[in-house]
Amino acid sequence: MKVDRTKLKKTPTEAPADCRALIEKLKGCSDEQLVTELQQIKTWNIGKCELYHWVDLLDRFDALLAEAGRPVEAMSWMLACDRPERQPLKALLLALLNFTALLIEYDFSRHLYSSTQHLTTLLASSDMHVVLAVLNLLYVFSKRSNYITRLGSERRGPLLARLQHLAESWGGKENGFGLAECCRDLHMMKYPPSATTLHFEFYAEPGVEVKVDKRATSTTLHYIHIEQLDKISESPSEIMESLTKMYSIPKDKQMLLFTHIRLAHGFSNHKKRLQAVQARLHAISILVYSNALQESANSILYNGLIEELVDVLQITDKQLMDIKAASLRTLTSIVHLERTPKLSSIIDCTGTASYHGFLPVLVRNCIQAMIDPSMEPYPHQFATALFSFLYHLASYDAGGEALVSCGMMEALLKVIKFLGDEQDQITFVTRAVRVVDLITNLDMAAFQSHSGLSIFIYRLEHEVDLCRRECPFVIKPKVQRPPAAALPEGEDMETDMEVTDVAMESSPGPSAEARPDPPAPAAVAGTSGAAGPAPRGGVQCIPQRAALLKSMLNFLKKAIQDPAFSDGIRHVMDGSLPTSLKHIISNAEYYGPSLFLLATEVVTVFVFQEPSLLSSLQDNGLTDVMLHALLIKDVPATREVLGSLPNVFSALCLNARGLQSFVQCQPFERLFKVLLSPDYLPAMRRRRSSDPLGDTASNLGSAVDELMRHQPTLKTDATTAIIKLLEEICSLGRDPRYICQKPSMQKADGTAAAPPPRSPHAAEEASSEDEEEEEVQAMQSFGAAQQSEAEPSQTVVGTEERIPIPLMDYILNVMKFVESILSNNTTDDHCQEFVAQRGLRPLVTILGLPNLPVDFPTSAACQAVAGVCKSILTLSHEPKVLQEGLVQLEAVLSALEPLHRPIEAPGGSVLLRELAAAGAVADATLSAQATPLLHALTAAHAFIMMFVHTCRVGQSEIRAISVNQWGSQLGLSVLGKLSQLYCSLVWESTVLLSLCTPNSLPPGCEFGQADMQKLVPKEEKTAPSPPQGGRRPEAEAEAPGPAGGAGGSDPPPAGGLLEGMGLEGEPLAPMETDEPSGSDPKAKAKITPAMAARIKQIKPLLSASSRLGRALAELFGLLVKLCVGSPVRQRRSHHAAAAAPAPTAAARATASALTRLLTKGLSWQPPPYTPTPRFRLTFFICSVGFTSPMLFDERKFPYHLMLQKFLCSGGHNALFE
């Protein structure tokens, strides 16, 4: 079936150039050309890429597989590809299967492949060539990923059943069917006659004519017995066809019968017999890797099987190399059956533990043949299987010890030292390095006696030198930089551009922000210290060489820390190693993020191991190259690289000279820019919820905190840079050119659907699919800034174009980062520094940025800002946090003044009028210019959330700080305005809700209608929309409760808000329904499309006002608790309560302000033109509902202070009027 396009990513990354070229070339081929093209591709020479770039080709392949597997008419067992006249189709099929196997081996997102049911069909081909090609592809799937284990059962079941039939035992050695015997070209007399006899027993399905006597037929055992099947000239499918016509064979047994026919029919032909052996070995391996052997393990992996497999290896015939390779692969898979008792028998049978044992001699001969030009090398496939087997053996202790005792080290080091550098050869060197790595965990002596370390470093130098031919660039920093102060202002802006193509020029991140028009690269070349521009053209290191470098660097990283090496390690950086590392670190785009990371880690580990030698690295310029690569160029965008940075910097700052070079690079501003760049967003997200260590931003923060504690001199610089970062966010949030991306777009920045966890043994070559996928994305976002960010999606509001930026993501990441820097330790030194450098203003300003969307206050980003404020308050006991918040909140409240002025008759909602007045209504709620009141409400809500968060603390000192702030002049004025805002909000919500509810207004009433008419989308204006309330006059007094914003559960039902705007937020149950119900069954049908469109636009207004109302109620309730002090709970009511401490002046003042609010609510008068008295009723229900929790606690104990103030302010009079 075709690839399911819905599973593809929204914004795919670009395929590497060589990969694109190949895809286009193959897409353009006719079927005849396709065969020749595919047959030429024997090894994979292009970069790793995503499978979804290949979707079009895979769909074409799928159609060809379907064609090949289609049964010929009138014969259900004869497949199209088996017809003698369809020879070209078969050739194409084989080429296509082999190519797909290569493709699957070298790319990711394999879950997209969807032609498995055709593969299952083709396993029933009469031609073993086809069966083997299919098995080869399935083998790659099973070994490289857990694709087969994750197939749906309707696909996995038939596939595994057919594999089980292929893998079943033929009777074993004692019955004359040993694998080695079957491989030899012996006369048929040497095999038991049963070899070509078909004997098949089954219980027949009762035929139609014998329906009557059911019991007798269903249990009768039928059997088919045909001797000398190989003499029959028909093909297996024709034989099967006639047998199915003669006997009624049960459906589930037919495939098994066909497999037997095919085997018996071809057994006497040596070539076909070999193919059958090979297919059986392949099928066993696939079943083992797919964890599909549970019940049949003992019959398929019967006791003599391992000896038989080793016997196959010992056959001297040169023609049987493919079978030997298959036999090795099967042994390798058996090694992997976890906790297998078979491992020891494999070691015994192959003689691995002794120098002259069979396997060690075989390996030494194979290696000798590889490096000695006069000898004929073993076939590639066989050598690969042999090395793979060694690797898997070495990964178990028993196997590793056996390899140590047979002296394998010398032979493996020979491979690393002498083998050439064609692609096929490199893969053997890589495997040798990995085996050495595993063996040295058990035994270092042999490695050192053969001077392994110098062989490794020499080979590394050799490989890097080959890479230099493709990519000669190296960073050559000036060793003496001018002191930072002397740099003219513009210059540090330009340094981003030094390496011409690496900077993300088009991304709307801070780098593009700082200079609207980047200086021409030519001008920069003068100032930059780089040797020529960085390589363009996106050349990349071939995957085989990258894998080799990776395994060597991994080994070095381990060796440097190994105590056994302590003497030799001091000199490891004297030779060519630093030069090789410099090249890798200079060319992250060429080598890929993980090699770049490994190279920096090798240096870091070395410095921590031998701190006294840091100065020698500084002398040979390695550290300068690292600083340049990490701070002046853009770092690769993967979470691992970002997370490692502070650790690398700690190492480079271990001596004074290093610290000085580090500071000169203005490190923090450059490093923190990462948090505001779209390219790094995917790396910031948690890859899976199972990631235990939190996310990249928090980890980065705690690491920077450690760096600041190691090097106290860096504290001021780092804090300045943090504050600059906050200011940067504020400027992004204020700038009218930008607009916050809608969350729906935020998914589209290239985050991969996380592939599922992999089975443990699939890890031989691929480290792990998701890391690799991430790397590929990083590589691709490296060369070109993500286009999706800057160009296409510009939102038009009014007339001006606005660029969408992921502002909420930025705020969330920066806040997590700052939070973990400030509160990683419980000391307040970082907080004090932050406050001293006036960081509070930009921090608090973030809450009220105009570009934030209306739902910001309820988002995680807003929570995170409040969290940082709370941390500063609790750690440093700094009242300025609250002061700053109150100052800014007061400004916002002043902007909300118009909300308190009721609209002149015929009346309506202030917010609605504002929305109606905005020209382009579609996105008016997004634009602070179009709807200033709505955005001011959002800002006020965000501030309220921050205060609610900071007031919720237990420490009495901090509660005292809070009360004092609220009781101050400023605090009381803010409270006064908040109480006015609260009344206005209750009124607005009541009005908006009634406008959303059909029939809640009397017919012909003009209330709010003018504004509602303006909301109709342009195209609907022509249709005469019926007057809104004109349908059912008798429903006039229908309660507004059940209509909670008809048509979607998104905003909290406002009915709930109005009824129970009390503290504990207990909305009455009927409020939760979404549609008018109960009281008016016909009302459902009343919402015309025009009405629905309006309601959709009113929804944000209603939800904004009702959410804010709830938040205010919560804040007031918390303030009550703060003023009263924690309520004293008495165990027994007849004990006199212990006298609570007298409330402070500030607490008294705050309490008075709060009770004034209650009085105001209870003595409120609606505007004179209110259409129905019900509005006033709703309002009072609200006020009374809200009054109770303000005066009494949850257990109805009175708050004495509040009651006293309530009486003073005349509240009781208002209540009883």
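In this predicted model, the largest nonpolar core has 345 residues, and the residues with the most contacts inside it are W54 and L978. Helix α54, which spans residues 1089-1124, supplies the largest share of this core, namely 17 residues. Apart from it lies another core, of 17 residues, whose members include L198, L243, L256 and F258. The protein as a whole has 1217 residues, of which buried residues make up 57%, and its secondary structure comprises 58 helices and seven strands.

**Cores and buried residues**

- As general background, nonpolar side chains in soluble globular proteins tend to be buried together.
- When residues up to four places away in sequence are not counted, L726 touches V814, M815, F834, G839, P842, L843 and I846.
- L726 and V844 are 118 residues apart in sequence, while their C-alpha atoms are 9.6 Å apart in space.
- Across the protein, among contacts between residues at least 6 apart in sequence, 79% join residues at least 24 apart.

**Salt bridges**

- The structure holds 25 salt bridges, and one of them joins the side chains of K25 and E37, with an N to O distance of 3.4 Å.
- R86 lies in the loop between α3 (55-68) and α4 (87-105), and E67 lies in helix α3, so that the pair links distant parts of the chain, 19 residues apart.
- Both R86, with a relative accessible area of 29%, and E67, with a relative accessible area of 25%, are partly exposed.
- D127 and K90 meet through their side chains in a salt bridge with an N to O distance of 2.6 Å.
- Because D127 lies in the loop between α5 (116-122) and α6 (128-144) while K90 lies in helix α4, this pair ties together parts that are 37 residues apart in sequence.
- D127 is buried, and K90 is buried as well.
- A network of salt bridges links E24, K27 and D56.

**Helix packing**

- Two packed helices are described by the angle between their axes and the distance between the axes.
- The axes of helix α14 (residues 305-314) and helix α16 (residues 342-350) come within 10 Å and cross at roughly 30 degrees.
- α14 is therefore roughly parallel to α16, as angles under 35 degrees are classed in this way.
- The crossing in which α14 passes α16 is right-handed, and the contact is made by I306, E307 and V310 of α14 together with K342, S345, I346, C349 and T350 of α16.
- The axes of α6 and helix α12 (residues 270-289) come within 9 Å and cross at roughly 20 degrees, and these two helices are therefore also described as roughly parallel to each other.
- The crossing of α6 and α12 is left-handed.
- On the α6 side, M128, H129, L132, L135, L138, Y139, S142 and K143 take part, and they meet K271, Q275, A276, Q278, A279, H282, S285, I286 and Y289 in α12.

Key:
Residues numbered from 1 in each chain as written. Predicted model: local features only at pLDDT ≥ 70, side-chain atom pairs only at ≥ 80, totals over all residues. Heavy atoms only, no water. Contact = heavy atoms within 4.5 Å. Salt bridge = Lys/Arg side-chain N within 4 Å of Asp/Glu carboxyl O. Helix = DSSP H or I, 4+ residues; strand = E, 2+ residues; numbered from the N terminus. Buried < 20%, exposed > 50% of the residue type's maximum accessible area, 1.4 Å probe, protein only. Core = buried A, V, L, I, M, F, W, Y, C linked by side-chain atoms within 4.5 Å. Axes fitted to C-alpha atoms, helices over the stretch in contact; angles between N-to-C directions. Parallel < 35°, antiparallel > 145°, perpendicular 65-115°, else oblique. Left-handed = near helix turned anticlockwise from the far one by under 90°.
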